[in-house]
Structures are given as C-alpha cells and as structure tokens.
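Here is a short briefing to read alongside the sequence and the structure. Have both open and follow the topics in turn.

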Amino acid sequence: MKVEEYQERKTEVAGWPVNLASYRLGSVYHCKADNVSPGAALARTTGSTREEAEQKALDRAGQLLARTQVRAV
Amino acid sequence: MPNYAHPETLVSTDWVAQHASDPNVRIVEVDVDTKAYDEGHVPGAMGWAWNSQLCDTLRRDILPKAQLEQLLGSSGIANDTTVVIYGDNNNWFAAWALWQLKIYGHKDVRLMNGGRKKWLAEGREISTEAPKVAAATYRATGPDNSLRAFLPQVQAALEGGTHALVDVRSPQEFTGEILAPPGLPETCQRGGHIPGARSIPWGKACNDDGTFKSADELQALYGGEGVDGSKPVIAYCRIGERSSHTWYVLKYLLGFDKVINYDGSWTEWGNLVGAPVEKGAVAKANA
C-alpha cells in the first residue's frame with residue numbers, strides 16, 4: 001500500500017501552533033496533529049475525507065492544548 | 001551526506017528502500033506515538049515501543065543489558081547486523097534507541113535521515129504486517145556510561161563550570177512558562193532550566209522535511225551559542241529522548257568528542273528538592 005496525497009499545514013488551536021499532517025492509505029484518510037515546536041504528537045485520527053480526519057484531530061488537540069497552563073516568569 | 005563527521009551513521013530513505021530486504025540489515029521503527037507503527041511502516045521494519053521495550057519498566061532506567069540482548073536477538077539482530085532506526089517526530093525516539101544501542105556497544109547502528117515523516121511524504125510503500133524474523137543470538141557489551149550523564153555528574157558540572165549544558169526543549173519550557181510540551185501532562189514541580197544552560201531547541205537541527213541540516217549550518221547553530229566542542233557537552237530535555245537527538249547531532253554529525261545525554265533531564269532536575277533553577281531567557285553566549 002502506498003502513501004498518497006501527503007500534505008502538511010500549520011494552524012493554531014487554543015492559542016498554540018499545531019502541525020497537521022494528513023494522507024490517504026487506500027480509501028482512508030489519516031491525520032496526525034502535533035504541537036510544532038517540541039513536535040509532540042497530540043492526536044492520530046482517520047476519516048473518509050481529509051476534512052473529517054483533520055477535524056477529529058483538531059478537536060482532540062484542542063482538548064489537550066486547552067489544559068496547558070502558561071505561567072508568568 | 002554533507003560533510004558530516006560520521007556520515008556512516010546516517011542513511012537516506014532511498015538507501016532504506018534499496019536495503020530493506022538485505023539479510024544483513026534490520027530496519028526498526030521507534031515512535032513517540034506507539035500506534036504509528038501499526039498504521040503502516042517501512043515494509044520489513046520491526047517496531048519497538050519506547051515505553052515498554054526500550055526502558056526498564058520497573059524502575060526508571062534505560063533497558064537492562066539482558067533485556068536489550070533479548071530484544072535484539074528476538075528482532076533477528078546479531079552483533080554484526082547493520083541496524084537502521086527511524087521514527088516519527090524527526091527521529092526523537094529513534095535517536096533514543098540508537099543512543100542505547102551505542103551504550104551497549106552495537107557497532108553499526110544508523111538513523112534514516114528524515115524519519116517516518118520523510119518516508120510518508122515521499123509517497124513510499126508501507127506495510128501493516130510485522131515481519132517474521134528468525135531469532136539471533138546477541139551479546140551486548142558495556143554499558144558504556146561515558147555516553148550518559150547521571151545527576152551527580154550534572155551537579156558537579158554545574159558547580160565546576162566544566163561542561164556546556166544544552167537545553168533542547170522548546171523556548172517556553174526553557175523559560176519556565178510551561179512545564180511540559182503543550183498538550184502533554186505536566187511532569188515537574190518547577191519550571192525553568194539548569195542555571196547556565198544554553199537554549200538550543202532540538203528541532204533547529206532539522207530541515208522542514210525532517211532531514212538534518214548541513215554540518216556548516218549545525219556548526220553555526222551550536223557555535224553561535226558557544227557550544228563548539230571545546231569543552232564536554234551535556235544535553236538534556238524533559239525525559240531524555242529529544243536530548244538523544246541533539247546528542248546524536250553533536251557526536252556523529254559534528255564529531256564532538258565528549259557529548260553526554262542526561263536522560264534524567266527535567267523530570268529529574270525539576271522535581272529535585274533544593275536543585276537550583278533559573279527562569280526566563282538567558283543572554284546570548286559571548287554577549
């Protein structure tokens with residue numbers, strides 16, 4: 001099976017930059033959301049369209065990122 | 001590979017595509033996200049989980065020698081096998097695995113430049129089947145703890161000013177604004193960095209496609225922060241995997257003689273009673 005239609009784009013979720021990488025494997029779109037600077041994986045999702053897979057990843061990333069507390073230094 | 005000190009430790013995705021079925025080569029995927037392997041991997045690649053197969057699951061430590069021998073043997077890896085490791089996040093935990101294999105004396109272990117991301121972006125073939133391999137006998141040496149910093153050594157280095165300390169976390173973890181990468185659980189009691197450490201996030205060593213920057217660019221990056229190999233370097237992050245990445249860059253791409261990975265990292269230092277912590281940004285080296 002080949003990876004097809006690989007794409008990356010950056011967006012912002014809950015005030016944090018997020019990188020979305022999505023691609024198609026067969027008839028299923030896969031999406032991975034990670035936070036950009038450290039690159040930690042936040043969500044891995046699938047969908048029948050790229051938009052669906054991305055939206056699921058963004059929703060999950062939003063839940064996790066909303067928990068991040070920023071402190072004054 | 002552009003002017004690296006040890007180009008023999010790095011292979012391209014093309015090289016992997018050509019050698020994936022070579023019986024003397026074993027490809028291994030190690031990801032931050034341990035589900036990534038199951039979604040699809042380089043055909044023929046083994047998958048190792050960093051959080052269960054590459055650490056001591058009873059106490060906090062790297063993989064004990066006997067377990068490493070068992071893991072490598074059951075993966076069909078003999079002492080003379082060429083091991084090529086790759087993974088997500090531009091090879092974070094792939095570098096962590098390479099670091100452990102070096103601690104236990106494996107001679108020929110390499111990273112796939114660009115990691116999983118580059119393989120996917122190039123539209124290459126992937127497989128969901130785990131390969132069936134014939135077990136081999138593996139005998140490790142070491143551990144070579146000259147590659148690894150423990151807390152007393154870091155404390156002594158701080159006191160004596162003998163080492164360059166490199167904090168490879170994100171700038172906001174370094175300043176203490178956040179206690180863990182955004183979206184991840186907070187795993188320390190105090191934010192900030194070890195006093196005197198330079199902030200050089202690991203990702204600055206990579207191009208957009210996940211490959212490593214050229215030796216000249218890397219030299220400018222680290223040299224610009226006063227990290228030029230003239231004194232030993234201790235790299236640290238939060239749990240030791242991002243700093244393995246920087247350890248690899250400094251040791252094998254730039255050829256620094258003495259580079260040590262402090263895998264206790266911020267989850268040790270930032271939880272330690274009485275440990276000195278600096279917050280906020282620090283001035284540029286030589287400023």
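Predicted model: local features only at pLDDT ≥ 70, side-chain atom pairs only at ≥ 80, totals over all residues.

Chain A carries an open antiparallel sheet of four strands, while chain B has an open parallel sheet of five strands.

- On average, neighbouring strands here are turned by 15° against each other, direction ignored.
- Six bridges join strand 3 (residues 28-35) of chain A to strand 4 of chain A in the antiparallel sense.
- Within strand 4 of chain A, A:Ala41 is the bridge partner of A:Asp34, and A:Arg44 stands opposite A:Lys32.
- Why is strand 4 (residues 41-47) of chain A described as largely enclosed by the rest of the structure? Five of its seven residues are buried, where buried means that 20 or more other C-beta atoms lie within 10 Å of a residue's own.
- Helix 1 (residues 50-65) of chain A lies across strand 1, strand 2 (16-25), strand 3 and strand 4 of chain A. This helix runs at about 150° to strand 4 of chain A.

**The sheet of chain B**

- The strand order in this open, parallel sheet is 1-7-6-2-3.
- At its edges are strand 1 (10-11) and strand 3 (46-49) of chain B, each pairing on one side only.
- Two bridges link strand 1 of chain B with strand 7 (residues 109-112) of chain B in the parallel sense, and B:Val11 has B:Met112 as its bridge partner in strand 7.
- Helix 4 (residues 88-103) of chain B packs on this sheet, touching strand 2 (25-31), strand 3, strand 6 (82-86) and strand 7 of chain B. The directions of helix 4 and strand 7 of chain B make about 180°.

**The two domains of chain B**

- The domain assignment gives domain 1 (7-144) and domain 2 (148-269) of chain B, with 23 Å between their centres, taken over C-alpha atoms.
- In the contact between them, 18 residues of domain 1 of chain B meet 16 residues of domain 2 of chain B.
- On the domain 1 side, helix 4 and helix 5 (115-121) of chain B are the elements that give two or more residues; the largest share, nine residues, comes from helix 4.
- By class, that side has ten nonpolar, six polar and two charged residues.

**The largest nonpolar core**

- This core has 100 residues, and those touching the most other members are A:Ala61, B:Ile85, B:Ala94, B:Ala97, B:Leu98, B:Val233 and B:Ile234.

**Where chain A meets chain B**

- How many residues does each chain bring to the contact? Chain B brings 31 residues and chain A brings 25.
- Helix 2 (36-39), helix 4 and helix 5 of chain B each supply at least two residues of the chain B side.
- That side divides into ten nonpolar, eleven polar and ten charged residues.

Definitions and conventions: Residues numbered from 1 in each chain as written. Chains lettered and ligands numbered in written order. Pairing = 2+ DSSP bridges. Contact = placed C-beta atoms within 7 Å. Axes fitted to C-alpha atoms, helices over the stretch in contact; angles between N-to-C directions. Domains from an automatic or database assignment. Nonpolar A, V, L, I, M, F, W, Y, C, P; charged D, E, K, R; others polar. Core = buried A, V, L, I, M, F, W, Y, C linked by C-beta atoms within 7 Å. Buried ≥ 20, exposed ≤ 12 C-beta atoms within 10 Å, placed from the backbone.
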